[in-house]
Amino acid sequence: MVERYGVFTQRIARISRCIRRLKAEEMARFGLKGPHVSCLYYLGLDGPLTAAELSERCDEDKAAVSRTLEFLLQNGYVTTEAVSRRYRSPLYLTDRGREVFAALQARIASMEDAASMGLTEEQRSKMYAALELICGNLERLCAAEQEDTL
């Protein structure tokens with residue numbers, strides 16, 4: 001059991017580090033940083049979205065998303081029709097933002113292909129299902145632990 005814990009936590013941490021590094025490298029081509037990836041990705045995939053919706057999808061706190069969006073707005077990657085109360089207004093990718101999103105999609109596809117090399121489609125499907133189950137179980141455990149401390 002302890003060995004499984006070590007392998008699981010170590011592999012998840014290594015995967016996370018690799019993803020952060022690859023995101024940072026890809027964004028450097030556009031003069032952006034890793035944290036901008038999620039906002040651009042979800043706006044391109046699901047947009048238009050509000051800052052609150054982005055915060056939820058990116059699994060980031062509102063302050064971090066707000067700082068990221070401020071940068072993306074000021075540098076022409078996203079836009080909004082609102083002058084005030086921008087946090088509740090839908091945000092859209094600009095042409096510049098769509099260009100980055102297209103590059104992201106291509107990079108993500110090649111990363112997914114490389115990362116799952118040697119897996120059958122059935123193995124990949126089972127892996128994602130298992131990750132989803134583990135994530136849900138751990139989130140419930142965290143919520144229960146938090147309730148116990150209140």
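Q: Is F101 buried or exposed in this predicted model?
A: The model is predicted. F101 has a relative accessible area of 9%. The cut-off for buried is under 20%. F101 is therefore buried.

Q: Which ring geometry do Y41 and F101 form: stacked, edge-to-face or tilted?
A: A pair of aromatic rings is described by the distance of the centres and the angle of the planes. For Y41 and F101, the centres are 6.3 Å apart and the planes stand at 50 degrees. Stacked needs under 30 degrees and edge-to-face over 60. The Y41 and F101 pair is therefore tilted.

Q: How many residues apart in sequence are the parts that Y41 and F101 tie together?
A: Y41 belongs to helix α2. F101 sits in helix α5, residues 95-115. The pair therefore ties together parts whose separation in sequence is 60 residues.

Q: What kind of pair do the rings of Y41 and Y42 make?
A: A search of the whole structure gives two aromatic pairs. In the pair of Y41 and Y42, the ring centres lie 5.1 Å apart. Their planes meet at 75 degrees, and over 60 counts as edge-to-face. So the Y41 and Y42 pair is edge-to-face.

Q: How are α2 and α3 oriented to each other: parallel or perpendicular?
A: Helix α2 spans residues 34-46 and helix α3 spans residues 51-58. Their axes come within 10 Å and cross at roughly 110 degrees. The range 65 to 115 counts as roughly perpendicular. Therefore α2 and α3 are roughly perpendicular.

Q: Which residues of α3 make the contact with α2?
A: From α2 come S38, C39, Y42, L43 and D46. By class, the contact of α2 with α3 has five nonpolar, one polar and two charged residues. The α3 side of the contact is L54, R57 and C58.

Q: Why are the buried residues of α3 on the same side?
A: The buried residues of α3 are A51, L54, S55 and C58. They are on the same side of α3 because around the axis they cover an arc of only 105 degrees.

Q: Which elements do the buried residues of α3 pack against?
A: The residues in question are A51, L54, S55 and C58. Their packing partners are α2, α4 (62-74) and β2 (91-93).

Q: What is omega for the cis peptide bond that joins G47 and P48?
A: P48 is placed in the loop between α2 and α3. A cis peptide bond joins G47 to P48, with omega of about 0 degrees.

Q: What phi does D59 have?
A: D59 lies in the loop between α3 and α4. At 68% relative accessibility, D59 counts as exposed. D59 is not a glycine, although its phi is positive, at about 55 degrees.

Definitions and conventions: Residues are numbered from 1 along each chain as its sequence is written. This is a predicted model: local features need pLDDT of at least 70, side-chain atom pairs count only at pLDDT 80 or more; totals for chains, interfaces and linings use all residues. Side-chain values use heavy atoms; hydrogens and water are left out. Axes are lines fitted to C-alpha atoms, for helices over the stretch in contact, and angles run from 0 to 180 degrees between N-to-C directions. Helices (H or I, at least four residues) and strands (E, at least two) are DSSP runs, numbered from the N terminus. Angles under 35 degrees count as roughly parallel, over 145 as roughly antiparallel, 65 to 115 as roughly perpendicular and the rest as oblique. Contact means heavy atoms within 4.5 Å. Ala, Val, Leu, Ile, Met, Phe, Trp, Tyr, Cys and Pro count as nonpolar, Asp, Glu, Lys and Arg as charged, and the others, Gly among them, as polar. Buried means under 20% relative accessible area, exposed over 50%, partly exposed in between (1.4 Å probe, protein chains only). The arc is that of the directions from the helix axis to the C-beta atoms. Rings of Phe, Tyr and Trp (its six-membered ring) pair if their centres lie within 6.5 Å; planes under 30 degrees apart count as stacked, over 60 as edge-to-face and the rest as tilted.
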